[in-house]
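I am opening a notebook page for one protein. The sequence and the structure go in below, and my entries follow.

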Amino acid sequence: MLPLSLLRAAENSPMLVELKSGETYNGRLLNCDSWMNINLKDVICTSADGTRFWKLPECYVRGSSIKYLRLPDDVVDRVPEDDVRKHAGRGGGRGGGGRFSTSGRGGRFSTSGRGGRVGGRGRGSGDGGGRGSRGGGRGRSGGRGGRN
């Protein structure tokens, strides 16, 4: 289950959001976007030291400032099953599948036939890559590209 799928399933649910600064926001989730920016309604904001409180009709929280979210337990049951299956076969990180993946887009030793060193075409020129004999490079001269 992906965090954003869980958040989308939690719309109109009460939640607690703690920011990296220590402030907390208790309210109902209106919506969220792919950067985990969230809109809350009927919010009670608590200062980091816990001595001050504010009541707000609505609030926008930037996703990069969130330390953690607390949701009701029943939200997990509301995540659509097809969303879980749609993302189940994905590999992790760049390249799709890790080092010895047989699904996804292929890492270094992919057997999927797309990219990587053993079963694929590579990305550079000539012998399957550019970084000497290792493969998987991005240019003619190896290195980080740009100047030769």
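Entry on sources. I note that this is a predicted model, in which local features need pLDDT of at least 70 and side-chain atom pairs count only at pLDDT 80 or more, while totals for chains, interfaces and linings use all residues. Residues are numbered from 1 along each chain as its sequence is written, and side-chain values use heavy atoms, with hydrogens and water left out.

Entry on the overall layout. I found two helices and five strands, in the order α-β-β-β-β-β-α along the sequence. Helices (H or I, at least four residues) and strands (E, at least two) are DSSP runs, numbered from the N terminus. Of the 148 residues, 28% count as buried. Buried means under 20% relative accessible area, exposed over 50%, and partly exposed in between (1.4 Å probe, protein chains only).

Entry on the core. I looked up the largest nonpolar core, which has 19 residues; Val-17, Tyr-25, Ile-38 and Leu-40 touch the most other members. Helix H1 (3–9), strand S1 (14–19), S2, S3 and strand S4 (53–61) each supply at least two residues of this core. The largest share, four residues, is from S3. A nonpolar core is a set of buried Ala, Val, Leu, Ile, Met, Phe, Trp, Tyr and Cys residues joined through side-chain atoms within 4.5 Å.

Entry on Ser-13. I found Ser-13 in the loop between H1 and S1. Why does Ser-13 count as buried? Ser-13 counts as buried because its relative accessibility is 4%. Its side chain makes a polar contact with the side chain of Arg-78, at 2.9 Å. A polar contact is a pair of N or O atoms within 3.5 Å; within protein, one must be able to donate a hydrogen and the other to accept it, and residues adjacent in sequence count only if both atoms are side-chain atoms.

Entry on Asp-33. I found Asp-33 in the loop between strand S2 (24–32) and strand S3 (38–46). Asp-33 counts as partly exposed because its relative accessibility is 24%. A polar atom of its side chain lies 3.1 Å from the backbone nitrogen of Trp-35.
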